[in-house]
Amino acid sequence: MDARSAALVRANFRTVVEAPHGPERLISAFYGHLFAEIPALRELFPSAMDMQPKRLVTAIQFVLDNLEDWDRAQRFLEQLARDHRKYGVEAAHYDMAGRALLAAFRSYNGVHWNRGLEYGWRDITILISASMAIGANSDKSQPYWEATVVGHRRVVDDLAIVRLQSDTPIPYQAGQYVPVAIPQRPKMWRYLSPAIPTNPYGEIEFHVRKVRTGWVSPAIVNETKVGDRWMIAAPLGGLHVDLRSRRDVLMISSGTGIAPIRAQLIEMGRRGINPRVHLFMGGRYPCDLYDVENMWQLSQSNPWLTVVPVCENESNPWWHPYPPADPPFGMHRRLIGNLGAVVASFGAWADRQIQIAGSARMIADTRRALLAVGTPESAIQSDPV
C-alpha cells in the first residue's frame, strides 16, 4: 500500500476504536455479512461471542501497525489461521471472510464511505484473507488433541492446578501457550500456558486463576473433576531462551504467569550447561507465590538459577490463614514492593534476555519500569496471552 492509503485506513480505523461501542458495531456487521453468506459457519462458534470484538479489533490493529513490516504481520496472520483450525475453519472460508470484513467497514461508515476508503480497505482485507489462507494450508497436523483430567487441586481459593493426560503427546515448546476447551463450556476456547515441558507420556499441567467475570476460568476452578475430557489445540507463542546468544536471562512472573517460565526452567534443568537465570516471582500477597517452594527446590539443585520472591504486602490476607513459607537456607528472602519497581531498582539488566509473564497490566507496568531505567526494548519478550 502507498503511504496515503495506509494513513487513510489507519485514521478510519481509529474512529471505529474510539467511538462508543464502535468495535462491537463493526464486528457485529462483519459476522452478520459472514453468516448470511455461509450460515453453516455459525455452528462452529460458541453461542456467546462477547470476546470476539476485542480479539478481532486487536488483530486488525496489529496488522495496521505493521504494514511497513509485512513479514511480521503475515507471520501473525498465518499463526492466527492455524489457530482457527480448531473451530473447523478452512482455507476456503477466508476469501468470504475478507469480503464480509470489507462489507462491514462499508456498512459501518455509511454516508462517509468514499472511493479512497473502498480501495484502501479492499487492499487490507485481501492481504488479511490471503495470508490467513496460506496459514491454514501450511499446517497439516491435527487441529486439536483430546486429554483426560487426572488431577485437580485448589492451591488457594481462586486458583487451581489441573493435570491432564493426553491420548497422544502434544508437540508444544516450553514457554508456549495452547487453546483449551472444556466440557462445561463447549466451543469457548481459552489460552493457557503449560506449566511443564512436553513429554512422551502426554502429561500436561495448567495453573488457572478464576476471573470473576469470566465464563471459562470459574468452571475450571470450581467444576472440573477427574475424568473430564478436554480439547487442547495447536500451540502458539514464542517465549524462549536463546541458548546460542550466550546471554544471561532475567525472568519476571506474577501469579499464574509462573507457568510458562516454570516449564522452561524445568526443561533447562535437564541440560548440563545453562546461562545464569534471575527469576523474580511477584504477587500481591505471599500466598500468590503458590509455586515458590518448587522454584526454591529447583534452584537448590541448579546453581545457575536465582529465585527472588516479591510481594506488595508482607503478610497473607485474613481469608488465607496460613503463614508464608520461609525460604530455605541460602535463598533470597521476600522483598516488599511493586514487582516492576523492585526489578528496575537493580538496574537496566541491559545485558540480559528478559521475559515477562503475567497479566496484561503487570506486563505493561513492568515493561515501562524497565524502559525507564534504560532497558533496551528489543531485549524484552512477552506474549499477548
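Helices (H or I, at least four residues) and strands (E, at least two) are DSSP runs, numbered from the N terminus. This is a predicted model, in which local features need pLDDT of at least 70 and side-chain atom pairs count only at pLDDT 80 or more, while totals for chains, interfaces and linings use all residues. Residues are numbered from 1 along each chain as its sequence is written, and side-chain values use heavy atoms, leaving out hydrogens and water.

**View 1. Lys-187 sits in the loop between β3 (178–181) and β4 (190–192).** Look here for a backbone angle: phi of Lys-187 is near 70 degrees, a positive value in a residue other than glycine. Lys-187 is partly exposed, with a relative accessible area of 37% (buried means under 20%, exposed over 50% and partly exposed in between, using a 1.4 Å probe and protein chains only).

**View 2. Phe-105 and Trp-121 form a stacked aromatic pair.** Rings of Phe, Tyr and Trp (its six-membered ring) pair if their centres lie within 6.5 Å; planes under 30 degrees apart count as stacked, over 60 as edge-to-face and the rest as tilted. By this rule the count comes to 13 aromatic pairs. In the pair shown, the rings are 3.8 Å apart centre to centre, with 15 degrees between the planes. Phe-105 lies in helix α5 (residues 93–109) and Trp-121 in helix α6 (residues 115–138), so the pair ties together parts that are 16 residues apart in sequence. Phe-105 is buried at 0% relative accessibility, and Trp-121 is buried at 0%.

**View 3. Phe-280 and Phe-346 form a tilted aromatic pair.** Here the centres are 5.7 Å apart and the planes make an angle of 55 degrees. Because Phe-280 belongs to strand β8 (residues 277–283) and Phe-346 to the loop between α10 (339–344) and β11 (353–357), the pair ties together parts that are 66 residues apart in sequence. Phe-280 is buried at 1% relative accessibility, whereas Phe-346 is exposed at 51%.

**View 4. Trp-349 is found in the loop between α10 and β11.** Phi of Trp-349 is near 55 degrees, a positive value in a residue other than glycine. With 11% relative accessibility, Trp-349 counts as buried.

**View 5. Helix α2 (residues 22–37) has 16 residues.** From its first C-alpha to its last, α2 reaches 23 Å, close to the 22 Å expected at 1.5 Å a residue (the expected span is 1.5 Å times one less than the number of residues). Among the buried residues of α2 are Leu-26, Ile-27, Phe-30, Tyr-31 and Leu-34.
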